[in-house]
Amino acid sequence: MPGGTIEFLEKPEDTLIREIKEETKLTITDFNLLTVDSINLSWIHKTKQENIKHIFILYKINDYTGKIKEKIKIDNNNDDSKGALFYDVNLLKENELSNIAYYAINFLRGGSY
């Protein structure tokens with residue numbers, strides 16, 4: 001699940017387009033907002049446990065151009081993705097996902113988080 005931080009003065013939909021391009025090399029041409037929500041998470045960051053509030057904006061991508069890049073070079077424009085693949089959300093297992101990805105996948109499956 002590509003994702004990232006909204007940059008200063010950037011609109012959320014522009015963040016979607018930029019992050020997808022950076023992390024997958026795909027160009028988004030059509031999308032819909034699914035939900036905006038927040039969750040409280042506890043996670044380990046640099047060996048220290050932190051409690052955070054994470055706001056996520058979940059979109060459905062209806063159409064795109066380009067071919068997904070399975071391997072992407074880490075550089076100044078891309079510092080957090082080594083590539084991407086498509087997965088069937090129904091085949092993903094909770095223990096293989098980050099907490100944030102788990103909540104998003106559960107929402108897509110029709111569940112609650």
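Let's start with lysine 67. It lies in the loop between strand 2 and helix 2. One word of caution: this is a predicted model.

Is lysine 67 buried or exposed? Exposed counts as over 50% relative accessible area. Lysine 67 has 68%, so it is exposed. Lys21, Lys25, Lys67 and Lys69 form a positive surface patch.

Strand 2 covers residues 48-65. Isoleucine 57 sits in this strand. How accessible is isoleucine 57? Its relative accessibility is 32%. Buried means under 20%, and exposed means over 50%. The value for isoleucine 57 falls in between, so this residue counts as partly exposed.

Which elements give two or more residues to it? Strand 1, residues 27-45, and strand 2. So please find both strands on your screen.

Helix 2 runs over residues 99-108. Which of its residues are buried? Look for Ala101, Ala104, Ile105 and Asn106. And what covers them? The cover includes strand 2. That is the strand that holds isoleucine 57.

Last stop: what follows helix 2? Glycine 110 does. Its phi is positive, near 95 degrees.

To recap strand 2. Lysine 67, in the loop between the two, is exposed. Thanks, everyone.

Definitions and conventions
Residues numbered from 1 in each chain as written. Predicted model: local features only at pLDDT ≥ 70, side-chain atom pairs only at ≥ 80, totals over all residues. Heavy atoms only, no water. Buried < 20%, exposed > 50% of the residue type's maximum accessible area, 1.4 Å probe, protein only. Helix = DSSP H or I, 4+ residues; strand = E, 2+ residues; numbered from the N terminus. Contact = heavy atoms within 4.5 Å. Patch = residues over 30% accessible without salt bridge, like charges linked within 9 Å, V, L, I, M, F, W, Y side chains within 5 Å. Areas by Shrake-Rupley, 256 points an atom, 1.4 Å probe, with all protein chains shown as cover. Salt bridge = Lys/Arg side-chain N within 4 Å of Asp/Glu carboxyl O. Lys, Arg positive; Asp, Glu negative; His and termini not counted. Charge placed at Lys NZ, Arg CZ, Asp CG, Glu CD.
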